[in-house]
Amino acid sequence: FTPEAFADPGAGPLYVQLHRRIAEAIASGRLQPGDNLPPERELAALTGLSRVTVRKGVEALVASGQLVQRRGSGTFVAPRVERLEQALSLLTSFTEDMGRRGRRVESRWLARGLHAPAPEEVMALGLGANDRVARLARVRSSDGTPLAIERASLPASILPDPEGVEASLYAVLEARGTRPVRAVQRISAANLGARDADLLGVPPGAAGLRIERVSYLPSGQVVEFTRSLYRGDAYDFAVELKLAP
Ligand code: 16G
């Protein structure tokens, strides 16, 4: 652990600079998961910042999940998340995917309600002029680790009561006979902005996977238009390929 780990202070309040310098040292691998951070007093001496500033910067990194504090033994770089391999060929739900692995599912709701649709929702869902849209936005976690932010839009005719979805959306749809049977999914690379990174407990700018899913009923009616951001450090998407006929 060297002072060079804290090169280039950048701009902003001092504690934000410290936050950024430590976050960058973690992102670049100069600080490794499990590394012990020097005590507050030493960090202050190393960086030339006051102990109050150091404490604020470290607290912000603990809050965003990049550092962990263990009483009595100090502050550590958070352990790397276990990677999950996710098959791409089956139309499954997050709850089912985690259940199959014997993992717990937690969802933190960001928003849930009926709205006037945005133009891209009108397009994706094939809505009419007066149709409303049900929006469900949540951070999806498993065994305490946030893995993805999902923002689902459904026609209100399919989901008139978004507040009624407590856990699994697909379980609610299944019970009503409107579970999708087909979907088109698009995956692209993204760097996570500050807010999304914070929700996922990773440094701002960390690698993410943007996934868009449009799913359909057998009739061809669109059920959901879901935009998700998955943690790039947590997911491997796998698909089986067959020889072209
Ligand atoms: C998956 C789907 C999402 C769907 C959700 C339902 C992807 C990228 N997304 O996460 O489109 O809305 O499952 O999950 O696979 P739930 O039934 O657990 O609420």
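The legends below describe several views of one predicted model.

**Figure 1. The whole protein and its secondary structure.** The predicted model contains seven helices and 10 strands. Taken along the principal axes, the box filled by the C-alpha atoms is roughly 65 × 45 × 35 Å. Of the 245 residues in the protein, 28% are buried. Among contacts with a separation of 6 or more, 63% are between residues 24 or more positions apart.

Figure 2. Domain 1 covers residues 3-77, and domain 2 covers residues 84-238. The centres of the two domains, taken over C-alpha atoms, are separated by 34 Å. Where the domains touch, six residues of domain 1 are in contact with five residues of domain 2. The side of domain 1 that touches domain 2 comprises three nonpolar and three polar residues, with no charged residues.

Figure 3. Strands of a sheet pair through backbone hydrogen bonds, in either a parallel or an antiparallel manner. In this sheet the pairing is antiparallel, and the order of the strands is β4-β5-β6-β9-β8-β7. The edges are formed by β4 (105-115) and β7 (182-191), each of which pairs on one side only. On average, and with direction ignored, neighbouring strands of this sheet are turned by 15° against each other.

**Figure 4. The pairing of β7 with β8.** The edge strand β7 runs antiparallel to β8 (residues 207-216), and 10 bridges join the two strands.

**Figure 5. The loop between β5 and β6.** Asp143 is located in the loop that links β5 (133-142) and β6. Although Asp143 is not a glycine, its phi is positive, at about 45°. Asp143 counts as partly exposed because it has 13 C-beta neighbours inside 10 Å; a residue with 12 or fewer would be exposed, and one with 20 or more would be buried.

**Figure 6. The residues around the ligand.** The ligand is surrounded by 14 residues, and the closest are Ser93, Thr95, Ser168, Leu169 and Tyr170. Several elements each supply at least two residues of this shell: the helices α4 (94-100) and α6 (169-175), and the strands β6 (145-155), β8 and β9 (222-231). By class, the shell consists of six nonpolar, five polar and three charged residues.

How values were computed
Residues are numbered from 1 along each chain as its sequence is written. This is a predicted model: local features need pLDDT of at least 70, side-chain atom pairs count only at pLDDT 80 or more; totals for chains, interfaces and linings use all residues. Two strands pair if DSSP finds at least two bridges between them. Helices (H or I, at least four residues) and strands (E, at least two) are DSSP runs, numbered from the N terminus. Axes are lines fitted to C-alpha atoms, for helices over the stretch in contact, and angles run from 0 to 180 degrees between N-to-C directions. A residue is near a molecule or strand if its C-beta atom, placed from the backbone, lies within 6 Å of it. Ala, Val, Leu, Ile, Met, Phe, Trp, Tyr, Cys and Pro count as nonpolar, Asp, Glu, Lys and Arg as charged, and the others, Gly among them, as polar. Domain bounds come from an automatic or database domain assignment. Two residues are in contact if their C-beta atoms, placed from the backbone, lie within 7 Å.
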